[in-house]
Amino acid sequence: MFPHAERLQVGGTTCECFLVKMYGKLHFLKRLKPELRTNPHYVAALQKEFETGYRLDHPHLVHYAAKTDDGILMDYVDGETLSRFVKHHPDYFRNRKNADRFLRQLLSVVGYLHEHQVVHLDLKPDNILITRIDHDVVLVDLGYCYTDSYIDTKGRTDKYAAPEQIGGSAKPDARTDIYAIGRILQTLPCADIYNKVIRRCTATNPSMRYQRVADIDVAISRRHPYWLVVAIIMVCIVLSIVFLWRNPFQKALAPSHQHNADKDSVNTVFPIQSSDNEDSSFHTTKLPIPQMTSSQRSVSPQPQPEAHSSKPEPSVPKPHSPKADLPAADTPSSSISYTAVDVAQVHRLLDDAIRPIYEQYMGSYRNADYYAMNQSEMKAYGLQHVAFGEACMRKFQELWQKNQQRFDKELFSNEFEKVREYYDSQTFLQSRKKQ
């Protein structure tokens, strides 16, 4: 079919490669070696590679153009394998910027495969091309990949294969490719930069590895040393204390006690009803109610007639209004205490906000065994938990700013602590928590 095809000095154990020019464009032809062209296993692997690659489109994945009788036609990539590139450019990956760029491009294309239900299963330096222009990553060779349609994954490269892939103890998944990424990083001159990432990627137990390639990207983005993280947390705590001290978020006092509150500087959350003629059914349940002396009661203004008390007081902020869906009989006209419906609404609001934060930072530790971690993995978990707490606090402040006219700060804080503690309790194996 291609009489002017030029044989290339590259190829693997099963295929030979050619440079083909069609319509002025260079293509890469991958053909089975003559002795394997009648072997149904390798013929099926070539068919699987083409059908899987042809439906995918990513800037860092080689483009599959056509299928021939005994080969695959792909776009030609002007570059060299990662192994050769490292040999010809020994200092390139010693630069953290170059190393991060390479790793993020590799994570991008592997994550794209996983999103399309494809696990590569043969990630290695010889299947990663580095382009001559701009040194971009191009991933090749989907012959041993695992998909929903093709589940035969007998091929592998033992040096980069995960333990479960070699032993056949479990079905391959995203964590199998993550193990290979860690092994690839070990071969690069920048391995010392990614020591923690490599250790977690290459954990023998798949549950102790990163669960998604996106988690690796998050890990390499956090470069601050541990002491700096602790310092930032301490500053946030101090600022929060100062903020709360200067802004106690007091609820308005009832008009009948405004004079006493101004005189004695009594800080309460809910209105205090002291007169026998007034409704005393609503009071604070969290903070103690200061007792009023008889002299204070004697100077308190008498309750005004009903017609006068119904007029709005311009100097008093409007309290939390009852919900529209409450029954009319349960809706007090002058109370600002919170019903079970209010508490549930706040709890649900905070839960909806914290759940995705938990999935992002702590989801990879779900059902992990804390007591099986080594020292470095415990430290990595600590950093992840600190980031989780900071993100939750930022979200709490954001939600509080939006809802401070509707709810009390104490209610908001209490429900926030309940939600955060709940998600903390979901992290590790239930069977080991009592220990």
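**Entry 1: a bridge in the sheet**

I looked up Ile128 and found that Leu139 in β8 is its bridge partner. The model is a predicted one, where local features need pLDDT of at least 70, side-chain atom pairs count only at pLDDT 80 or more, and totals for chains, interfaces and linings use all residues. Residues are numbered from 1 along each chain as its sequence is written, and side-chain values use heavy atoms, with hydrogens and water left out.

I noted how strands are assigned: helices (H or I, at least four residues) and strands (E, at least two) are DSSP runs, numbered from the N terminus. Two strands pair if DSSP finds at least two bridges between them. Strand β7 covers residues 128-131 and pairs with β8 in the antiparallel sense over 3 bridges. I then checked the hairpin of β7 and β8, where 5 residues sit between the strands and Asp134 has a positive phi near 70°.

**Entry 2: the whole sheet**

I traced the strand order as β6-β7-β8, an open sheet of 3 strands with antiparallel pairing. β6 (79-81) and β8 (137-139) are the edge strands, each pairing on one side only. From one strand to the next, the twist averages 30°. Axes are lines fitted to C-alpha atoms, for helices over the stretch in contact, and angles run from 0 to 180 degrees between N-to-C directions.

Helix α3 (residues 96-115) packs on the sheet and touches β7 and β8; contact means heavy atoms within 4.5 Å. The direction of α3 makes about 30° with that of β8.

On the other pairing, β6 and β7 run antiparallel and are joined by 3 bridges. Thr81 has Leu129 in β7 as its bridge partner.

I also checked which way the β7 residues face. Ile128 and Ile130 point one way, Leu129 and Thr131 the other, and all are buried. Buried means under 20% relative accessible area, exposed over 50%, partly exposed in between (1.4 Å probe, protein chains only).

**Entry 3: Asp351**

I moved to helix α12 (residues 340-361), which contains Asp351. Why does Asp351 count as buried? Asp351 counts as buried because its relative accessibility is 15%. Not counting residues up to four places away in sequence, Asp351 touches Val419 and Tyr423.
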